Amino acid sequence: MARMRDRRSHILDAAARLIAEQGFMMTSIDDVIREAGLSGKSHFYHYFKSKEQLGYEVLSRQFERFAERGLAVLREPMIDPLERLSLFIDSLVALQVARGCRGGSPFGNLAAEMADAHEGFRTRIDIVFGRWASQMQSLLWEARPQLVDGTDTARLSRFIIATLEGALLISRVQRDAATLEGIAHDLKRFIAMHVREGASVPNVAAVAASA
């Protein structure tokens, strides 16, 4: 069973690389077989009943990894909530810069390609963004003593995610780290506008002061 799980994970990783490079629609089962070093289609179908199932599982696996590694900082109890948010933004920027501003967001990429073309993918991507927004909103709800009265945490959560997704897309097109870093800085300035006067949040306060 362990060997089967390892092989399945290997196929999912190979498929994720191909989808990131050429999109889901342009990635064939034969491409996945070659990339994963499988012996043929019967070998592939031993693990996945269809290309569609493979795509769903790639999406699910990518989000679980993102939740474990990327979103984990949002749940770190020893760090101030808004400081966590600043660190999260910085970590996304650093990861994209380390990739040479290639790849972008697997969720945004797949949404752009599949949301209008395939209802199954649209609903699953919607769930992914919903789970991300829920974690972001939980952090902002925790930070509510530091936020100005009337801050709509659900709306702010969606804005933060939309800005980050857009920034990753632009950086992928332009291959320009400076543009990405500038958008991240502007996003922090926007978040700082929602911080109550006198609240002690080092990173956010510093960004606000430089505005």
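The model is predicted. The chain has 211 residues, and 40% of them count as buried. Its secondary structure comes to ten helices and zero strands.

**Overall build**

- Read from the N terminus, the elements run α-α-α-α-α-α-α-α-α-α.
- The C-alpha atoms fill a box of roughly 65 × 35 × 30 Å along the principal axes.
- Take the contacts in the chain with a separation of 6 or more: residues 24 or more positions apart account for 67% of them.

**Helix 8**

- Helix 8 covers residues 153-174, a run of 22 residues.
- At 1.5 Å a residue, helix 8 should span 32 Å, and its end C-alpha atoms lie 31 Å apart, so the two values agree.
- D152 caps the N-terminal end of helix 8. A side-chain oxygen of D152 sits 3.2 Å from the backbone nitrogen of A154.
- The buried residues of helix 8 are T153, L156, S157, I160, I161, T163, L164, E165, A167, L168 and S171.
- An α-helix has 3.6 residues a turn, so residues three or four places apart point the same way.
- The cover over the buried residues of helix 8 includes helix 5 (81-98), helix 6 (106-114), helix 7 (119-142) and helix 9 (177-192).
- Just after helix 8 comes R175, with a positive phi of about 55°.

- Helix 4 (51-70) has 20 residues, which should span 28 Å at 1.5 Å a residue. Its end C-alpha atoms are 27 Å apart, which agrees.
- Buried in helix 4 are Q53, L54, G55, Y56, V58, L59, F63, F66, A67 and G70.
- Helix 2 takes in residues 29-36, and its buried residues are I29, D31, V32, I33 and A36.

**The largest pocket**

- The largest pocket holds about 960 Å³ of space.
- Its lining has 38 residues. Q62, R99, G104, S105 and P106 lie nearest the centre of the pocket.
- Six helices are named here: helix 1 (2-22), helix 4, helix 5, helix 6, helix 7 and helix 8 each supply at least two residues of this lining.
- Helix 4 gives the most to the lining of the largest pocket, with nine residues.
- By class, the pocket lining has 16 nonpolar, eleven polar and eleven charged residues.

**Cavities**

- The structure holds three cavities of 30 Å³ or more.
- The largest cavity has a volume of about 50 Å³.
- Its lining is made up of L92, V93, T163, L164, A167, L168, L180, I183, A184 and L187.
- Helix 5, helix 8 and helix 9 each supply at least two residues of the lining of the largest cavity.
- That lining divides into nine nonpolar residues, one polar and no charged.
- T163, L164, A167 and L168 are among the residues that line the largest cavity, and they are also buried residues of helix 8.

**Single residues to look at**

- C101 is not a glycine, yet its phi is positive, at about 60°.
- C101 sits in the loop between helix 5 and helix 6.
- C101 counts as buried because its relative accessibility is 2%, and the cut-off for buried is under 20%.
- R175 is also a residue other than glycine with a positive phi, near 55°.
- R175 lies in the loop between helix 8 and helix 9.
- R175 has a relative accessible area of 41%, so it is partly exposed.
- S86 belongs to helix 5.
- With a relative accessible area of 3%, S86 is buried.
- The side chain of S86 makes a polar contact with the side chain of K188, at 3.2 Å.

Methods: Residues numbered from 1 in each chain as written. Predicted model: local features only at pLDDT ≥ 70, side-chain atom pairs only at ≥ 80, totals over all residues. Heavy atoms only, no water. Helix = DSSP H or I, 4+ residues; strand = E, 2+ residues; numbered from the N terminus. Expected span 1.5 Å × (residues − 1). Buried < 20%, exposed > 50% of the residue type's maximum accessible area, 1.4 Å probe, protein only. Contact = heavy atoms within 4.5 Å. Polar contact = N/O pair within 3.5 Å; in protein donor to acceptor, adjacent residues only side chain to side chain. 1 Å grid on protein atoms, 1.4 Å probe; cavity = no way out; pocket = protein on both sides within 12 Å on 5 of 7 lines; lining within 4 Å. Points joined across faces, edges and corners; volume = space filled by probe spheres on them. Nonpolar A, V, L, I, M, F, W, Y, C, P; charged D, E, K, R; others polar.
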